[in-house]
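The sequence and structure are shown first, and the points follow by topic.

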Amino acid sequence: MDAAWVGLLAAAVGVGGTLGSAWLTQRRNDVARREEWDRVERSRLADRADQRTQERLAARSAAYTAFNATTRNYLACLNDHVHALQRGVAETDDALGALETARKEFRQIYAEAQLIVPDTVLTELRQAHLSTAQAYAILSRLSRGTAEDGDDINAAQDSINHCWDVLFQVRATMRADLNVTGPSYE
């Protein structure tokens with residue numbers, strides 16, 4: 001090989017090395033940009049998932065608060081109606097009106113909660129719904145004078161007391177779902 005060919009070969013290798021170096025640098029930059037974009041996208045998706053989780057938690061917390069307050073009011077109205085029945089018919093109409101309002105509010109809150117609470121809590125809410133329905137049925141029959149066997153003021157009061165026990169269990173389940181059980185160290 002003569003000097004011209006060696007020079008030409010050296011120039012070709014030099015040009016090839018320069019072009020190859022530029023290509024490799026560009027390729028590394030592309031990979032680094034893609035990895036950065038993937039990291040940013042994963043971070044964005046994780047943030048969105050966290051935000052959705054927090055929104056769901058806030059919605060459940062609001063539903064639990066409303067359910068607890070509404071149920072307590074409903075049970076108080078059931079209890080007031082028992083006392084009104086014990087005192088006589090004149091006071092029963094007012095107590096019955098308050099009871100019907102509380103019952104409608106309870107049913108509305110229960111319907112809303114059914115759509116956003118997890119199944120474990122829904123099972124407990126169902127128990128609260130059934131127990132309040134049973135207490136309401138006894139009181140309703142007593143108010144209309146269509147009492148069945150075993151329907152009396154004591155049975156109504158026992159049924160309401162059972163509702164309170166169910167509400168305490170429901171509240172414990174809701175608190176556990178919100179992870180607010182146990183001692184506070186703040």
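**Helix geometry and packing**

Helix α3 comprises 26 residues and reaches 37 Å from its first C-alpha to its last, close to the 38 Å expected at 1.5 Å a residue; the expected span is 1.5 Å times one less than the number of residues. Helices (H or I, at least four residues) are DSSP runs, numbered from the N terminus. This is a predicted model, in which local features need pLDDT of at least 70 and side-chain atom pairs count only at pLDDT 80 or more, while totals for chains, interfaces and linings use all residues. Residues are numbered from 1 along each chain as its sequence is written, and side-chain values use heavy atoms, with hydrogens and water left out.

**Confidence**

- The chain has a mean pLDDT (the predictor's confidence in each residue, from 0 to 100) of 87, and 94% of its residues reach 70 or more.
- Confidence is highest in helix α4 (residues 153–177), at a mean of 95, and lowest in helix α2 (residues 89–114), at 85.

**Helix α1 and the helix ends**

- The 85 residues of α1 should span 126 Å at 1.5 Å a residue, which agrees with the 124 Å between its end C-alpha atoms.
- Gly 88 follows α1 and has a positive phi, near 135 degrees.
- Gly 145 follows α3, likewise with a positive phi, near 75 degrees.

**Packing of α3 with α4**

- The axes of α3 (residues 119–144) and α4 come within 9 Å and cross at roughly 165 degrees; axes are lines fitted to C-alpha atoms, for helices over the stretch in contact, and angles run from 0 to 180 degrees between N-to-C directions.
- The two helices, α3 and α4, are therefore roughly antiparallel to each other (angles over 145 degrees count as roughly antiparallel, and those under 35 as roughly parallel).
- The residues of the contact of α3 with α4 comprise 15 nonpolar, nine polar and two charged.

- Helix α1 (residues 3–87) packs against α4 at an angle of about 170 degrees, with the axes 10 Å apart.
- That angle makes α1 roughly antiparallel to α4.
- The axes of α1 and α3 come within 11 Å and cross at roughly 20 degrees.
- Helices α1 and α3 are therefore roughly parallel to each other.

**Aromatic pairs**

- The whole structure contains four aromatic pairs (rings of Phe, Tyr and Trp, the last by its six-membered ring, with centres within 6.5 Å; planes under 30 degrees apart count as stacked, over 60 as edge-to-face and the rest as tilted).
- Phe 67 and Phe 106 form a tilted pair, at 5.6 Å centre to centre and 50 degrees between the planes.
- Phe 67 lies in helix α1 and Phe 106 in helix α2, so the pair ties together parts that are 39 residues apart in sequence.

Methods:
Parallel < 35°, antiparallel > 145°, perpendicular 65-115°, else oblique. Nonpolar A, V, L, I, M, F, W, Y, C, P; charged D, E, K, R; others polar.
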